Amino acid sequence: MTTNGQHRTVETKDGRTLPFGASQVGVFELVPRLGYREYWYPAIESKMVKRKPVTLKMLGDDLVFFRDTNGKVAALTDYCPHRGARLSGGFRRTPGGGPIPGKLNDEFKGYITCPYHGFVFDGSGQCVAALTEGPDSKLPPKLRARHYPTRELFGIVFVWMGETEPVPIEEDIPWYFFDDDVIVETYVRRWDMNWSLTIENSHDSHAVKIHRGNSRRLWNLNLFRKSPAYHGHMRISEEGDNYIYIVSTAEAKAPVTAYYDNLKKNWPQKTWFRFRTTRRTGGSTKKPKQFDPHRPGYTGVYRLPAWVSPSGSGDRSHLRCAVPVTENVVRMWTVTLTRKSFWPGLKRFWWKVVYHASHVYQLPQGTNEFEDMPVQSVGCLDPDRPQKIGATDVGLIFWRRRMPLKSRDAQRVWGTKKVAATAAEIKTAEEREAAEAL
Ligand code: FES
Ligand SMILES: [Fe+2]
């Protein structure tokens, strides 16, 4: 035994040394640190792209957004193909990207002008004029900035980040967005952490620890709710080409407190104030859940490239999409869906009040930013350390091992040989782990 109490170590095939029994498939062994590329991602709210171009970093790429001659939002690389200046002209940049205002680049409506030598580009990325070389310059037809396909839906600009031909956007957005009866609300924030951590934890056991005692829960009386003491086990209830559903098999039956023999204590230790049996989060439980027919209770989805539905009940569904910015920064989209028919007439105004004054306060802010973010942020959690995962981690094991092989990146870019070889390696690793566990 070593001085830190570690018994023995094992060497992995890729040369890492792990404590005996640690999971051999790390967070990023197959999941790309900068995200899957062959997908449509939400980029920016349409209303934020006006006459002035704005820049955003996505999946490590710097993009610039502006309105083309048709008034549609176009996206190009933010680097001018002439000599590499930022087309956005932005200089007050942060690692997470913008949007920030540029300078001297919006002189021609429908085009973007490089602030350095004044080369002008249209929405497809084609250079149409080189102002400082004059009207007879031969360069414009030869210069093209990389163009990223865009689609505007539900007030959101989506961008195809892939190298290959874009798929119809409907393949990459959960179907209920396209329901005529839907209202879509978005809340976007930058989080200092890797994108994948906040996806893979969405259906692990942390909720019963982290999400049980915040003063914001006073307002909807959830602080007094009888919460289960543990999750117990998770299982994959359904699997598709680009998604899985995960259910907790023990939570519904778990007691409010449980006894731990080694500690000679119960946990949670104080439960006398938990007397409510109905769940109030997410609105009235009298209304049926409409947007996710797969979810019988507190279950959820992992959907490629980066969608999760951590919770939802009553009249609304709460989804998140984690858009990688850099390896340590993610732009977190929280999307709330409800039905127009739940809020007819003047009640629509009441929904806005409920959404801004209660829902945002409780969920994306109170739950995610106050409780999740501090634990998972850079400096608080190191995803590159060896891990030992258990029965409540089946969702993330699947996310790390199986979902990458389902991804469009695997099918279109990684190559079938690599995918087959990786699948074989996973099988070997699982067999080895099983043997070592004996
Ligand atoms: S670098 Fe853009 S015009 Fe020269
Ligand atoms: Fe959480």
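These legends go with close-up views of two spots in a predicted model.

Local features shown here need pLDDT of at least 70 and side-chain atom pairs pLDDT 80 or more, while totals for chains, interfaces and linings use all residues. Residues are numbered from 1 along each chain as its sequence is written, chains are lettered from A and ligands numbered from 1 in the order written, and side-chain values use heavy atoms, leaving out hydrogens and water.

**View 1. Asp 172 sits in a loop between two strands.** The loop runs between strand E12 (156–160) and strand E13 (182–191); strands are DSSP runs of at least two residues and helices of at least four, numbered from the N terminus. Asp 172 has 1% relative accessibility, so it counts as buried (under 20% relative accessible area, 1.4 Å probe, protein chains only).

**View 2. The Asp 172 side chain has polar partners.** It reaches the backbone nitrogen of Trp 40 at 2.9 Å, and makes a polar contact with the side chain of Arg 408 at 2.7 Å. Such a contact is a pair of N or O atoms within 3.5 Å; within protein, one must be able to donate a hydrogen and the other to accept it, and residues adjacent in sequence count only if both atoms are side-chain atoms.

Notes: Buried means under 20% relative accessible area, exposed over 50%, partly exposed in between (1.4 Å probe, protein chains only).
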